[in-house]
Amino acid sequence: MADPTATIRCDACPVMCNIRPGLAGACDRYANADGLLVRVDPLVLLEAAHAHGTPMVSLQPTEDWDGRLVRGADTFVTAIGAGTTYPDYKPAPFIVATDVDGVDMVTVVTEGVFSYCGVKIKIDTDRHLGNERSIVRAKGEPIGHVTTGEYGSQMLSLGGVGHLTGGGKKEGRVTCDTLLALSNKQAVELTIDDGATVIVQAGKAPIVNDVMETRMRVGCGSATIGIFAPQWLGKVDEVVVVDDHITGVLSEHQGGKLLGVQPTGIRMRGRRSTPGRYFQVAHPGTGWGGTDISDPLSILDPFDAKHARAGIRMLMVSTTGEHYGYYVLDNDLRPVQQEMPPELQESVERIAENCEPALCSVLFIGGAGGSLRAGVTDNPVRLTQSVGRSITRLTCGGAPVYLWPGGGITFMVDVLKLPDNAFGYVPTPALVAPIEFTLPLADYAAMGGYMDHVKQASALDTATPHRFAPQMSENPWPLLPMTKH
């Protein structure tokens, strides 16, 4: 019999909070309810997308609900709100069996405590945010770094055990807070040493130095020439697509050569790569094409009089169509800006039309180590092998994950594919992420699973605090058996 006046000690993580009646622990995930340790958040149950086909939101049971907590194979028990296995050797809080088209499947769910975790952020922008390896800070604390940029996007790597545990106490706390906010789809302001300030939120446009991005580039400067060269033929004599990485020049580019575009005598600054492709025409920045320039003529040397002539028409444009200008060579072979002809304005608008909306993508990455695996089987390597052989499906809050090859169980998940507020934290500091392992019941028994803890999903206690959420229509249903390899 619980003493409703007693202070109880929470054993759900290494902090071991002493919680007084009516209060919650430091993580706000566990509380003292009349002398009993309870999980504050409800258990989330997914309902199959074919019944709803709508994004994950908190729902009340449907009108035809028959009172059971789980309604067969159309309901999936996620780990959100399930609780943890700490101190590691305890079986997972929920090990539930479901009949799926005559196959007995089992799902083992737990909220994993991840000290070894982080987020990878893709920011769709041509603007220079910071040099590779530059420190990324939140509230002044180092929490990650700029990593290699990818086509039209800047990439950040945040978190990891080094920042969570390897620095000062404040660094670890701020890192944890930032990862939690990003994983739960919230906006975070980041500053980059010797670079930009950027506001990042999953699924939203980035805000760079107080300016919201609207589009990512259609391609590099060379690719833009290749795509649009036919649309410029006969309307202009020269086109320069300004790009921090690869600036394109129509008259020299193979795309122009094959169309019969004649030499114009243009001479570019920077380093010539192959014909019509130039590197390092300017320094990285937030101006034209991700460079530091505001005047595109600054990347040109004087025209070569052997090929240049008065009246040559030149379009200069950025890879997003955001910046552009039209110039005509005067008698001294100097480009003079003129009003943009309507037919060229259309081509600039076509570039902009082909640029996809600028967004931020946030992927949580974590390594499922001993405590997670020991909650599934007393021989954890068998779980690793089962996941690696695609016998066991790993999901995160019911969402599909990408599994890294090699040893261990390292996975990434797009946070937009999870229900809202799926992640938590403990002040060790570490993040808490939902994780589910689904496999045939026979294979679970063979790996040494906790068979005496398996419960039929349909028999789960309806008194368990819970909420229903429809599965996202683009997510595969996690209860389907996998193919063995």
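Is Glu111 buried or exposed, and at what relative accessibility? At 3% relative accessibility, Glu111 counts as buried, where buried means under 20% relative accessible area, exposed over 50% and partly exposed in between, with a 1.4 Å probe and protein chains only. The legends below describe a predicted model, in which local features need pLDDT of at least 70 and side-chain atom pairs count only at pLDDT 80 or more, while totals for chains, interfaces and linings use all residues. Residues are numbered from 1 along each chain as its sequence is written, and side-chain values use heavy atoms, with hydrogens and water left out.

**View 1. Arg29 and Glu111 form a salt bridge.** The closest N and O atoms of Arg29 and Glu111 are 3.1 Å apart, a salt bridge being a side-chain nitrogen of Lys or Arg within 4 Å of a carboxyl oxygen of Asp or Glu. Arg29 lies in the loop between strand S2 (18-19) and strand S3 (30-33), and Glu111 in strand S8 (residues 103-114), so the pair ties together parts that are 82 residues apart in sequence; helices (H or I, at least four residues) and strands (E, at least two) are DSSP runs, numbered from the N terminus. Arg29 is also buried, with a relative accessible area of 3%.

**View 2. Asp243 and Arg217 meet in a salt bridge, their side chains 3.1 Å apart from N to O.** This pair links distant parts of the chain, since Asp243 is in the loop between S17 and S18 and Arg217 in the loop between S16 and helix H4 (221-232), 26 residues apart. Both Asp243 and Arg217 are buried. Salt bridges that share partners also join Arg29, Arg39, Asp41 and Glu111 into one network, and a search of the whole structure finds 16 salt bridges.

**View 3. Asp244 is buried yet has no salt bridge.** Asp244 is found in the loop between strand S17 (238-242) and strand S18 (247-249). The nearest side chain of opposite charge, Arg217, is 7.5 Å away, with Lys and Arg counted as positive, Asp and Glu as negative, and His and the chain ends not counted. Leaving aside neighbours within four places in sequence, Asp244 is in contact (heavy atoms within 4.5 Å) with residues including Gln280, His283 and Thr291.

**View 4. Lys185 has a positive phi of about 70° although it is not a glycine.** Lys185 lies in the loop between H3 and S13 and counts as buried at 15% relative accessibility. The side chains of Lys185 and Asp420 meet in a salt bridge of 2.8 Å, N to O, and Asp420 is partly exposed, with a relative accessible area of 42%.

**View 5. Lys139 has a positive phi of about 50° and is likewise not a glycine.** Lys139 is found in the loop between S10 and S11, where it is exposed, with a relative accessible area of 70%.

**View 6. Strand S9 (residues 117-124) and strand S26 (residues 360-367) pair in the antiparallel sense over seven bridges.** Two strands pair if DSSP finds at least two bridges between them. Within this pairing, Lys122 stands opposite Ser361 in S26.

**View 7. The peptide bond from Thr428 to Pro429 is cis, with omega near 0°.** Pro429 is found in the loop between strand S31 (424-426) and strand S32 (430-440).
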